[in-house]
Amino acid sequence: MSEILSELKYTETHEWLRCDEANTVTVGITAHAQQQLGDVVFVELPQVELRVDVGDSCGVLESVKAAGDFYAPIKGHVVAVNEALDENPALINQDPYGDGWLIKIELDDASQLEALLDAEAYTQLVG
Amino acid sequence: MRKTPLFLQHQSANAVMASFAGWQMPMHYGSSVAEHHAVRQSAGMFDVSHMTVCDVRGADALAFCQRVLANDVGQCVIGHAMYTCMLNEQGGVIDDLIAYVMPALTSGQASVQHIRLILNAGTFEQDMAWLREQSQTFEVTLDLPEGLAMLAVQGPQALAICSAVLPAELADGLSSMRPFQTHCASVEGQDWQVATTGYTGEAGVELVVPAAQVMALWQALLGAGVQPCGLAARDSLRLEAGYALYGQDMDQNTSPLVSALGWTIRWQPERDFIGREALLAQKAAGLKEHLLGVILVDRGVLRHGQTLTQAGQTVGVITSGGFSPTRSVGIGLARLQKTVQVGDTVETVVRGKTLSLEVVKPPLIKQGK
């Protein structure tokens, strides 16, 4: 069973979300997701300022095995993308919850966070 | 879902498992790219126990194999192996396999009594149905031995490590073996086989050993620094080496002559192998396609089924697509119209973007680069 951090929120499409200060969240894919995907070799990240809604595709993770979209867990606009992934996409596999983060979103409505899965619910999903 | 004798070892090594051809197999152990590099730079090992071992024995063992296999086993002396296709009457590929002309464990054997075929796991049903049907008119037995495990150890250090780790009965002869040879020995009363064959493009061996003894062998190789490698690395390694994968690059409806496998067909001395007439007819009609390598000039990963164009016209399709960890580029094998030659540029569209590819003669890497 791969790592699931108790302080994060999760989606059914295997993204995690961390609340930062000032209405901003950091988003990435879970340890389970990177394990299934295999070694990531290219990442397509969105433009900063892009408006996203829940479930919108935000970009593509291309691995040796398959290409998969990753999705916005929440409505808002993109305020930062992890540019380190351009040179080093393997960070997603090596440190999916830390240096392998994908994007930061400034959210429109904090109450949307309640609709996300907590660690226990996500554990059930992948268990 | 079947498990190989090394299933628990894979779990201990934190393998990410998936089902493949009805077997639970390790896809990778954390990073298929790291496993790939280990094979190119030192040594990696692959559990290939899911593959089919079929022992052909009897007075007609040689004659039978010369009939069903498109390459000529008659050209192999005892203790040698050969890569071949097994064709149907239409000249399509039922499977690709390695045939080993097995030495007897007691010396002094003059004639061929035993040929071992190692076939793909995914084609088990069609292979055995075909072999059984074709064997009706020959004095042979087809045996699927139980209780065996198979391990491939590949890489520049594979032979040295195996010489140190394998039982002396097998290790002793290893350093003098050339590629595509095979030795057998009795170890603690059980038959072990070693062959200098492989599917990675590196030197190495493939071992067929009793299941009861493979776990200790795995542990010993692990202790000697050999990296466990899964099916993902197996695929990226063979693709770099330009080796065909059955089911992707060719199948029952594909001729070896359009799959860069014409070299495996042995025409002389003249021999009535199944598929011969069909291949002759194909050659007479003129072959319109060939299989070549492609390398992405732009960033990306190639996938099976992607259409290739040249000057806006469709000229081919990707049969095997992937990524080369050695060169950090997308690579593939492609079936292309004969008008497209090595050195040409072709295009493909991925997620709305047009990408350029260079057509090359396989392998996709040279001298490990």
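Which side chain does B:R299 meet in a salt bridge? The partner is A:D86, with 3.7 Å from N to O; a salt bridge here is a side-chain nitrogen of Lys or Arg within 4 Å of a carboxyl oxygen of Asp or Glu. The model is predicted, so local features need pLDDT of at least 70 and side-chain atom pairs count only at pLDDT 80 or more, while totals for chains, interfaces and linings use all residues. Residues are numbered from 1 along each chain as its sequence is written, chains are lettered from A in the order in which they are written, and side-chain values use heavy atoms, without hydrogens and water.

Salt bridges over all chains number 15. Helices (H or I, at least four residues) and strands (E, at least two) are DSSP runs, numbered from the N terminus. B:R299 is partly exposed at 46% relative accessibility, and A:D86 is partly exposed at 45%. Buried means under 20% relative accessible area, exposed over 50%, and partly exposed in between (1.4 Å probe, protein chains only).

Within chain B, the closest N and O atoms of B:R271 and B:D72 are 3.9 Å apart in a salt bridge. This pair ties together parts 199 residues apart in sequence, since B:R271 sits in the loop between α8 (231-241) and α9 (276-285) and B:D72 in the loop between α3 (61-68) and β6 (81-87). B:R271 is buried at 10% relative accessibility, as is B:D72 at 2%.

B:R238 and B:D249 form another salt bridge, at 3.1 Å, and both are buried. Salt bridges with shared partners also join A:E44, A:E62, B:R303 and B:R351 into one network.
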